[in-house]
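Here's a quick tour for anyone opening this structure for the first time. Have the 3D view ready and follow along topic by topic.

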Amino acid sequence: MKWEWFLLFGIVMLGCTNSTISPPIQPTENSRLSPDQTCPKTCLSSQDSSQTCWQLPDHCFAQAAVCCQKFVEEDMHSQRYSQALKRVREAIFKAQAHQQENWLFRWEWELGRIFKQLHQLDDAINAYQRALAILFPATCASSGDLKSLGMVKGFNWKLNGPNTYEHIHRFLEENIDLLLQKASSTANGQHKEDALLQVQKGIEVLKRADLENYFEGECIQKRDDSSANVELGAETAVIYPILLPERLELLVLLPGEKLFLLPAQFLPRDRIETVIESIRQNWQTDPSNLDPEMQHSYLRHAQQLYQWLIVPLKTVLPSSVKILVFVSSGELLTVNPSAFHDGQRFLLQQYAVVIIPGLSLLNVAQSSQFIRKERILMAMTKPVDDYPELYFGKKEFEVIKREYKPRIRLLDQEFTTANWQRLHKDFIAEEVEVMHIISHAHFAKEMKNKDNFIKTFDGQLSFEEFKDLFGKLKFPINLLLLSACSTAEGDEAQWASLGLSGLAIKTGVQSSLATLWKAHDVTTYFLVTDFYQHWLEAGKSKAMALQSAQQKLINSTYNHPFYWAHMVLVGDWQ
């Protein structure tokens, strides 16, 4: 592209709001885009309704575009919608003529927002879809199924400037909002199904954008595009919670690929996020450090989230469903829905629960034939560099070593960065069933931050080193199991909350089992060893195996979510 996206967003978009056509930032002396000193320094007056934005010479296109945006702002503020519409349509024509895709995207978006103000829903959706086709061409060029999303190689923008993606996310969220309004107002039948499919596609596009943004614009690796069309089976339902500024929507994909949109709940997003923040703090606090009367203070919020997110589902979930797969985002990624409570039982006691980045991002490549499935076990359990001893971590290592006989077993002094590097040579053509790491870890907000690491005996393994190995393997790892202290701890920003689990999914690992907050040494030992027993010995799916292991703790003295809800399954649940 000829123009950097940050020029457009840095100058034109910073004034956007969520609800109305938003005024762009006023042009300043430092923000002139004029490529030639002969271009005027100021915009002409827009008081004369016949005055266009484009009386400047062609080489002053950027200056004319900024002036036009200023005039549209004034028109919208004065509710001169017809004049604003005329200006934007002319701007679209000029952007097409000059092949300025960044400005064309901006004007199509602006056109859609004007149509929203005029309550012309279909015209607004069409404008947003044209803007989406510029931003993400392969999505809109598809035949309409989810499989196409698996073939997208990335977005058509460069992530420059501090606020670029904030506006991209807002655009994608507004697109979903419009599609939801269309679906809600459409009568049952084929048109309704088509409208709901468009909502689902819109969400999947947003999830891919969020994940790619977290990885600073890197494309998501997928080894098998056919995995975008996942066969759910009779036991599985996929839940899309959609948190909009003023309401909560729930889209449900049921067995048989049937989509349902449940009635909207008019709840401010801020209210839901406040409850999530409170319950996250409750769950992350060791109850043994609390007064007895405070140990179950989380229940009020757990029941509230159950009421908002689970009760509406009961009206459409068939009795055959045993697994709930959540396509969560934002604050919802920082909590485990398994610990939502109906007043009598946890959700986990009713359903197995899985978190995925999106159906189109799942990697469920088929296993190869005639290749032995390898198991890799590594552990750093001794106290080193101010990190405490993981006593039960060593017991966990010994049990897995004895019962499941992994080919590679690296404990303490053997778990070094040099031995990690040897895995590149030894396993690049092998099929790895499970890679299990027991250690300490630290994860920062930014994925490429140097403070993201797993502790080894002689140093640290960075995320880049994990990405390098995962990307070179001929076959995707079936399960990455991280029973590390603080494995997936992070802030509320999307996939940062899932730490290395997000990296695993991004690089093609089929599924990851990790922790949302600081792991409890004793209960993690029980969870992991029981998980192995149910998965590898009893032959249960990964989702059902984790559910069985966590239910065992719920029925013991370790029934507080602090002890068991930290562990989540991310990705393929089979």
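## Helix against helix

Let's start where two helices touch: Phe61, Cys68, Phe71, Val72, Asp75 and Met76 of H2 meet Tyr81, Gln83, Ala84, Arg87, Val88, Ala91, Lys94 and Ala95 of H3. Keep in mind that what you're looking at is a predicted model. From here we'll go through the helix pairs, then the strands, then a few loop residues.

**H2 and H3**

- Sorted by class, the residues in the contact of H2 with H3 are 10 nonpolar, 1 polar and 3 charged.
- Helix H2 covers residues 61-77 and helix H3 covers residues 81-97; they pack at an angle of about 160°, and their axes are 8 Å apart.
- Angles over 145 degrees count as roughly antiparallel, so H2 is roughly antiparallel to H3.
- The crossing of these two, H2 and H3, is left-handed.

**H3 and H4**

- H3 also packs with H4, at an angle of about 160° and with the axes 9 Å apart.
- That angle makes H3 roughly antiparallel to H4.
- Where H3 passes H4, the crossing is left-handed.
- On the H3 side, the contact brings in Tyr81, Ala84, Leu85, Val88, Arg89, Ala91, Ile92, Ala95 and Gln96.
- On the H4 side, their counterparts are Trp103, Leu104, Trp107, Glu108, Glu110, Leu111, Ile114, Phe115 and Gln117.
- The contact of H3 with H4 splits into 13 nonpolar, 2 polar and 3 charged residues.

**H4 and H7**

- Helix H4 (residues 101-117) packs with helix H7 (residues 164-184) at an angle of about 40°, with their axes 12 Å apart.
- H4 and H7 are therefore oblique to each other.
- The H4–H7 crossing is left-handed.
- H4 puts Phe105, Trp109, Arg113 and Lys116 into this contact, while H7 supplies His167, Ile168, Arg170, Phe171, Glu174 and Leu178.
- By class, that gives 5 nonpolar, 1 polar and 4 charged residues for the contact of H4 with H7.

## Strands and a sheet

**E4 and E5**

- E4 and E5 pair in the parallel sense, over 4 bridges.
- Which way do the side chains of Ala352, Val353, Val354 and Ile355 point from E5? Ala352 and Val354 go one way, Val353 and Ile355 go the other way, and all are buried.
- In a regular strand, side chains alternate between the two faces of the sheet.

**The E9-E10-E11 sheet**

- Further along there's an open sheet of 3 strands, in the order E9-E10-E11, with antiparallel pairing.
- Its edge strands are E9 (441-442) and E11 (460-462), and each of them pairs on one side only.
- E9 pairs with strand E10 (residues 453-455) in the antiparallel sense over 2 bridges.
- His442 has Phe453 as its bridge partner in E10.
- Helix H13 (residues 463-472) packs on this sheet, where it touches E10 and E11, and its direction makes about 65° with that of E11.

## Loop residues worth a click

- Most residues other than glycine have a negative phi.
- Glu257 isn't a glycine, yet it has a positive phi of about 60°.
- You'll find Glu257 in the loop between strand E2 (248-254) and strand E3 (258-261).
- Asp412 also has a positive phi, near 50°, and is a residue other than glycine.
- Asp412 sits in the loop between strand E7 (408-411) and helix H12 (417-427).
- Is Asp412 buried or exposed? Its relative accessible area is 2%, so Asp412 is buried.
- Glu257 is partly exposed, because its relative accessible area is 46%.

**Ser328**

- Ser328 belongs to the loop between strand E4 (323-326) and strand E5 (352-355).
- With a relative accessible area of 1%, Ser328 is buried.
- What does Ser328 touch, not counting residues up to four places away in sequence? Its contacts are Lys207, Leu333 and Ile356.

Definitions and conventions. Residues are numbered from 1 along each chain as its sequence is written. This is a predicted model: local features need pLDDT of at least 70, side-chain atom pairs count only at pLDDT 80 or more; totals for chains, interfaces and linings use all residues. Side-chain values use heavy atoms; hydrogens and water are left out. Buried means under 20% relative accessible area, exposed over 50%, partly exposed in between (1.4 Å probe, protein chains only). Axes are lines fitted to C-alpha atoms, for helices over the stretch in contact, and angles run from 0 to 180 degrees between N-to-C directions. Angles under 35 degrees count as roughly parallel, over 145 as roughly antiparallel, 65 to 115 as roughly perpendicular and the rest as oblique. A crossing is left-handed if the near helix is turned anticlockwise from the far one by less than a right angle, and right-handed if clockwise. Contact means heavy atoms within 4.5 Å. Ala, Val, Leu, Ile, Met, Phe, Trp, Tyr, Cys and Pro count as nonpolar, Asp, Glu, Lys and Arg as charged, and the others, Gly among them, as polar. Two strands pair if DSSP finds at least two bridges between them.
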